[in-house]
Amino acid sequence: MRVTMIGTGYVGLVSGACFADFGHVVTCVDKDASKIEKLKAGEIPIYEPGLEDLVETNVKQERLFFTTDPEEAIKSADAVFIAVGTPSRRGDGHADLSYVYGAAEEIADLMEGYTVVVTKSTVPVGTGDEVEAIIAKKRARDDFAVVSNPEFLREGAAIKDFKIPDRVVVGTEDQRAMEVMRELYRPLFLNETPILFTNRRTSELIKYAANAFLAVKITFINEIADLCEKVGANVQEVSRGIGLDNRIGKKFLNAGPGYGGSCFPKDTLALTKTANDHDSPIRIVDTVVEVNAARKKAMADKIIAAMGGDVSGKQIAVLGLAFKQNTDDMRDAPSLDILPALQKAGATIRAYDPASMEEAAKHLSDIQFCDGPYHAIEGADAMVIITEWDQFRALDMKRVQDLLKTNTVIDLRNIYSKPDMEKRGFNYVSIGRP
Ligand code: UGA
């Protein structure tokens, strides 16, 4: 099949490379000429394990192409995917759909023959109808179908999530479009991936409901962690104790500093806006948004309390800045709330992150970026783990002890064993494990 991806952001690039790897011929289109030049030269603009190799292989085997010119790419495609950004609109939190609608106009102008237009961008319920209306102004209804096909890719694990998904959701009632989508995802039939066909609005809502549910799950365990600290319980054991119940499931029950990233914050907000607009508020998600924002801020107080209540003039070593491991993404990262609050309280920050320091430097000021975890710790009054990168999980604690001025370690991801750290003589503070 011939596939065209409009937008070479995270979703477009990963999906395009994976479809090419499935054997389809994929052209990725982006207006950003310098980005396309870089991609053609094999430079990947995002940090995603395995993506560079995947792109290189498929470019070499002539299944993956990059261009700024949408004409040829759209004309020849069986399916055109819209994978452009839908940022939160400034002021009201609604998803900004101008790029999606712009892509729809372009497709309407350029498509030839029956074309399936697939929305992969995360879009509010009803957007597919709007895309259809835009194209129908220029094209006969029989010449195209608009399908919703949301993505469920986690940054850092996106290739695996694309190739071995829990499910694929396809929102369309058009029989021809169903056949095209079946053919596109045929390589997944081997591992019996469920392909769920729904109507378009249902598919659009599934995406938001999935992200919101996961955000609820994380926020739930975070609040349980707070309670654990008050009543002397252990949140990791609570997670295991409830997660082994199949109805609950053990994933996404790791308590931490609050969720961040490019999806949960934006999508929870957009869902609550849609719900309120339809006079059908989802109060649990309203609350989750509020609780998560407060949690990120509260983490600075937790660090200050662990350091004796006053950090003025103190040096704090921060390990991990990205919103989670295996990404350089700083969007809505808890560190963006925590570090400025610590600085405001008078602390200076030495920080290290394996991937996100360049990005972090754009959003944070007066940080001393370091060459590695031990460099960051040297002479600091406390070590704070904000992101759970693998390389922070087995630090040489003897060396940490020698380098740190005090013995205070604040672990906001619970990656160390509390009894072990205490046995080694650390003043060790973690989440929900008093
Ligand atoms: C999330 C979803 O997991 C994907 O399925 C979805 O496709 C994607 O959003 C999207 O809409 O594009 P992502 O934002 O990459 O993926 O990252 P997650 O692994 O879901 O983590 C999100 C946040 O939750 C991170 O800040 C992470 O640290 C936090 N988290 C996650 C926890 O605090 N505890 C957990 O147990 C799990």
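Tutor: Here are some questions on helix packing and on the ligand. This is a predicted model, where local features need pLDDT of at least 70, side-chain atom pairs count only at pLDDT 80 or more, and totals for chains, interfaces and linings use all residues. Residues are numbered from 1 along each chain as its sequence is written, and side-chain values use heavy atoms, leaving out hydrogens and water.

Student: Why are α9 and α11 called roughly perpendicular?

Tutor: Helix α9 (residues 200-231) and helix α11 (residues 264-277) pack at about 115 degrees. Angles of 65 to 115 degrees count as roughly perpendicular, under 35 as roughly parallel, over 145 as roughly antiparallel and the rest as oblique, so α9 and α11 are roughly perpendicular.

Student: What makes α1 oblique to α3?

Tutor: The axes of helix α1 (residues 10-21) and helix α3 (residues 51-60) cross at roughly 50 degrees. That makes α1 oblique to α3.

Student: Which residues of α1 meet α3?

Tutor: Among them are Leu 13, Val 14 and Ala 17, and the residues they and others in α1 meet include Leu 51 and Leu 54 in α3. Contact means heavy atoms within 4.5 Å.

Student: How far is the side chain of Lys 324 from the ligand?

Tutor: An N or O atom in the Lys 324 side chain is 2.9 Å from a ligand oxygen atom.

Methods
Axes fitted to C-alpha atoms, helices over the stretch in contact; angles between N-to-C directions. Helix = DSSP H or I, 4+ residues; strand = E, 2+ residues; numbered from the N terminus. Polar contact = N/O pair within 3.5 Å; in protein donor to acceptor, adjacent residues only side chain to side chain.
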